[in-house]
Amino acid sequence: MKRRIFIKNAALTGAGVAVGSSLLSCADSETKENKELEIASTTNSKASLPLVIATWHVIDATAKAMEVLEADGTALDAVEQGCRVEEANEKGQSVGKGGLPDREGNVTLDACIMDKHGNCGSVVYLQNITHAVSVARKVMEDTPHVMLAGKGAEQFALEQGFKKENLLTEASKKAWSAWKIESEYKPIINIENHDTIGMLAIDKNGDISGACTTSGLAYKMAGRVGDSPIIGSGLFVDNEIGGCVATGLGEEVVKTVGSFLVVELMRQGKPPQQACEEAISRIVNKPNSDYKNFQVGYIAVNKKGETGSYSIHQWFSMTKFQDGVNEQIQSDFFNKA
């Protein structure tokens with residue numbers, strides 16, 4: 001029998017009238033307190049929004065995203081504008097203009113974006129266009145497709161008014177020339193594995209969107225595509241549950257459909273931190289896993305605005321902008337040996 005029904009029944013007995021009245025008063029008081037706690041919890045949750053998180057140390061990007069959100073912009077606008085900051089950062093050498101090229105000397109970009117409705121757009125192996133994330137959004141909004149690749153993606157971007165430009169800067173060309181002396185392909189943890197900006201935002205309405213953009217692993221084989229433009233691997237958003245983005249060695253993220261996995265674990269009730277940790281464990285516990293030689297990191301946020309981040313190795317970080325604080329947070333990690 002439910003507690004409140006039991007109390008009311010007790011109040012109807014002759015001998016228990018006085019006691020029942022007292023219990024009813026206590027019950028009403030308890031109910032009032034519970035409602036007040038519930039309201040306080042809701043208020044605190046709303047006070048923590050809007051919220052932006054991103055992979056690595058990208059405080060300029062998260063600042064731009066928060067600027068959009070504070071001006072009552074949508075989470076979708078915020079993640080696009082935030083990612084564009086890093087795409088235009090020539091010194092970054094991992095995203096957009098100035099990115100390190102493939103072994104043929106071509107800078108090729110991958111990006112995707114996903115909105116609160118589950119709509120998504122993606123570009124793969126895009127050349128000569130700086131803002132791949134914006135082209136991905138155009139694919140989502142202005143075509144019947146989810147993904148465009150290569151010359152088709154470039155042609156579409158030009159038709160949409162994007163500017164064609166050389167993405168190989170002198171600094172990246174110099175680095176590529178030095179690499180060609182030995183031409184050894186071996187990604188370096190947290191350097192060549194530090195190849196992505198993934199961003200998630202929750203706006204004032206509580207809606208979630210995400211984006212992911214990269215120039216891929218340095219000196220990759222021509223045509224190589226990692227996890228970043230693959231919905232469910234590099235990025236996944238479910239507005240009822242939360243969102244996740246990945247960074248690191250994309251081949252390993254794809255094998256476990258990492259971002260989708262994190263969101264599904266949150267659907268099962270795990271907080272973002274535990275979900276990220278479980279997703280990393282799926283990678284490192286695979287038979288014959290070579291995890292000591294590569295990095296993967298996840299960041300995630302749930303509908304409550306709770307966040308999490310986790311990686312295989314140390315020095316992965318998350319940038320978080322919430323309640324007026326824009327900060328870099330070092331991620332916990334698996335390989336502490």
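Where in the chain is the place of Trp315? Trp315 sits in the loop between β10 and β11, where helices (H or I, at least four residues) and strands (E, at least two) are DSSP runs numbered from the N terminus.

The model is a predicted one, in which local features need pLDDT of at least 70 and side-chain atom pairs count only at pLDDT 80 or more, whereas totals for chains, interfaces and linings use all residues. Residues are numbered from 1 along each chain as its sequence is written, and side-chain values use heavy atoms, with hydrogens and water left out.

## Backbone features in the loops

Most residues other than glycine have a negative phi, and most peptide bonds are trans. Trp315 is not a glycine, yet its phi is positive, at about 85°. With 56% relative accessibility, Trp315 counts as exposed, on a scale in which buried means under 20% relative accessible area, exposed over 50%, and partly exposed in between (1.4 Å probe, protein chains only). Val257, in the loop between α8 and α9, likewise takes a positive phi, near 45°, in a residue other than glycine; at 36% relative accessibility Val257 counts as partly exposed. A cis peptide bond with omega of about 5° joins Leu49 and Pro50, and Pro50 is placed in the loop between α2 (17–47) and β1.

## The eight-stranded sheet

An open sheet of eight strands runs in the order β4-β3-β2-β6-β5-β1-β11-β12, with mixed pairing; two strands are taken to pair if DSSP finds at least two bridges between them. β4 (147–149) and β12 (325–330) stand at the edges with a single partner strand each, so one side of each has no neighbour in the sheet. From one strand to the next the twist averages 10°.

## The five-stranded sheet

A further open sheet has five strands in the order β7-β8-β9-β10-β13, and its pairing is mixed. Its edges are β7 and β13 (332–333), each with a single partner strand, so one side of each is left without a neighbour in the sheet. Strand β10 (residues 307–311) and β13 pair in the parallel sense over two bridges, and Asp332 in β13 is the bridge partner of Tyr310.

## Helices lying across the sheets

Contact means heavy atoms within 4.5 Å; axes are lines fitted to C-alpha atoms, for helices over the stretch in contact, and angles run from 0 to 180 degrees between N-to-C directions.

| Helix | Strands it lies across | Angle to a strand |
|---|---|---|
| α3 (residues 59–70) | β1 (51–55), β5 (196–202), β11 (317–322), β12 | about 155° to β1 |
| α5 (residues 132–142) | β2 (109–114), β3, β4, β6 (208–214) | about 130° to β3 |
| α9 | β7, β8, β9 | about 145° to β8 |
| α10 | β9, β10, β13 | about 20° to β10 |

Helix α9 (residues 258–267) is mostly covered, with seven of its ten residues buried, namely Gly258, Ser259, Leu261, Val262, Val263, Leu265 and Met266. The elements that cover these buried residues include β7 (235–238), β8 (242–248), α8 (250–256), α10 (272–284) and β9 (296–302). Helices α9 and α10 pack at an angle of about 135° with their axes 9 Å apart. Leu261, Val262, Leu265 and Met266 of α9 make the contact with Pro272, Ala275, Cys276, Glu278, Ala279 and Arg282 of α10. The two helices, α9 and α10, are therefore oblique to each other, given that angles under 35 degrees count as roughly parallel, over 145 as roughly antiparallel, 65 to 115 as roughly perpendicular and the rest as oblique. Just after α9, Gly269 takes a positive phi of about 115°.

## Cysteines without disulfides

A disulfide is a covalent bond between the sulfur atoms of two cysteines, counted here when a pair of cysteine sulfur atoms lies within 2.5 Å. The structure holds zero disulfides. For Cys212 the closest cysteine sulfur, in Cys112, is 5.3 Å from its own sulfur, too far for a bond, and Cys212 is buried at 0% relative accessibility. For Cys244 the closest cysteine sulfur belongs to Cys276, at 5.2 Å, again too far for a bond; Cys244 is buried at 0% relative accessibility.
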